[in-house]
Amino acid sequence: MKRKTFYAFTGPSIILMVTLMIIPLIMAVWLGLHYVTYRNMNAPEFVGLENYRAILADPRFWQSLRFTLLIIVIVTPAEMVLGFFIALLLDQTDTRIRGIFISLLLTTYVTVPVVSGLIFRQFFEPNGLGVWIIEQVLGSRFVLTSTTVKTMIMLYGIWRDTPFCIIVLFAGLQTLSMEQLEAAQIDGASRWQQLRYITLAHLKPLLILIAMIVIMDKYRIFDAILVLTNMNPIYGADTLMLYNWRIAVEVQRLGKANAMSVLTVIGIMVVLVPFLYRTYGAQREER
């Protein structure tokens with residue numbers, strides 16, 4: 001392909017990416033170096049790295065970071081494991097039943113997070129089904145505390161986003177060669193060995209891609225937590241995005257909020273670069 005043709009095709013995408021990603025990031029870095037509130041937006045005061053020092057010295061920032069990482073560490077593997085085994089079950093079911101089941105699964109994922117958060121919260125209302133089950137199993141009254149609210153948020157993440165993993169992994173299973181499985185079965189490989197050395201090996205690039213997408217989703221979780229916690233800070237269930245919003249809107253420190261956004265972007269890159277490297281390695285191995 002000629003260079004002129006290449007730029008003709010990619011030019012609009014490059015312009016869009018620069019407009020929507022690079023320019024806002026540059027503005028965030030610039031604002032993060034200034035003391036900016038709603039009162040002095042037209043004349044921000046340059047403070048250098050003071051906003052970054054304030055963020056790094058803020059215990060609530062570290063609390064929100066720990067909770068965000070806790071969500072990533074617990075919810076991401078849970079979604080992927082559940083998604084993988086349910087996708088295996090779907091692969092073995094009748095086509096008509098499979099279509100109905102996939103349609104039902106997608107209802108939670110395609111619903112707006114605020115709406116799905118409201119629906120999920122109904123399970124934990126005083127007369128909700130979830131509260132009744134917990135009280136019957138544990139034999140004690142369900143009370144909203146920091147621990148129970150954080151657990152509820154993680155359960156919500158699994159409930160809402162697991163269908164995404166199911167659909168993507170199910171699509172990946174459709175590209176698996178049956179000849180490989182039959183040859184392994186003839187050679188005496190057990191079901192677990194087929195699953196480990198053939199199925200999982202085939203889905204490895206897809207699993208890495210899913211992990212990247214899920215981690216990014218968990219980093220930016222915001223609106224559902226507003227609904228699940230009723231914006232009450234007493235539970236200590238703020239994620240990075242929610243605490244960033246509190247700094248910008250409630251405290252009205254726009255410079256500090258932008259500094260936190262820059263640190264969050266750096267953190268996301270640190271987490272995702274190993275996945276990108278492994279994806280690139282897997283693609284090179286396939287070639």
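Is aspartate 217 buried or exposed, and what is its relative accessible area? Aspartate 217 is buried, with a relative accessible area of 18%, where buried means under 20% relative accessible area, exposed over 50% and partly exposed in between (1.4 Å probe, protein chains only). This is a predicted model, so to speak of local features a pLDDT of at least 70 is needed, side-chain atom pairs count only at pLDDT 80 or more, and totals for chains, interfaces and linings use all residues. Residues are numbered from 1 along each chain as its sequence is written, and side-chain values use heavy atoms, with hydrogens and water left out.

**Overall layout**

- The protein chain has 12 helices and 2 strands; these are DSSP runs numbered from the N terminus, helices being H or I with at least four residues and strands E with at least two.
- Read from the N terminus, the order of elements is α-β-β-α-α-α-α-α-α-α-α-α-α-α.
- Along the principal axes, the C-alpha atoms fill a box of roughly 75 × 70 × 30 Å.
- Among the 287 residues of the protein chain, 38% count as buried.

**Salt bridges**

- The whole structure holds 10 salt bridges, each a side-chain nitrogen of Lys or Arg within 4 Å of a carboxyl oxygen of Asp or Glu.
- Aspartate 217 pairs with arginine 220 at 2.6 Å, N to O, and arginine 220 counts as exposed at 54% relative accessibility.
- Lysine 218 bridges to aspartate 161, with the closest N and O atoms 2.8 Å apart. This pair links distant parts of the chain, 57 residues apart: lysine 218 is in helix H9 and aspartate 161 in helix H7 (residues 146-173). Both lysine 218 and aspartate 161 are buried.
- Arginine 246 and aspartate 238 meet at 2.7 Å, N to O, and both are buried.

**Helix packing**

- The axes of helix H3 (residues 59-92) and helix H9 (residues 191-219) come within 10 Å and cross at roughly 135°. That makes H3 oblique to H9, the class left over once angles under 35 degrees count as roughly parallel, over 145 as roughly antiparallel and 65 to 115 as roughly perpendicular.
- Axes here are lines fitted to C-alpha atoms, for helices over the stretch in contact, with angles from 0 to 180 degrees between N-to-C directions.

**Helix H1**

- Isoleucine 22 lies in helix H1 (residues 3-32).
- At 43% relative accessibility, isoleucine 22 counts as partly exposed.
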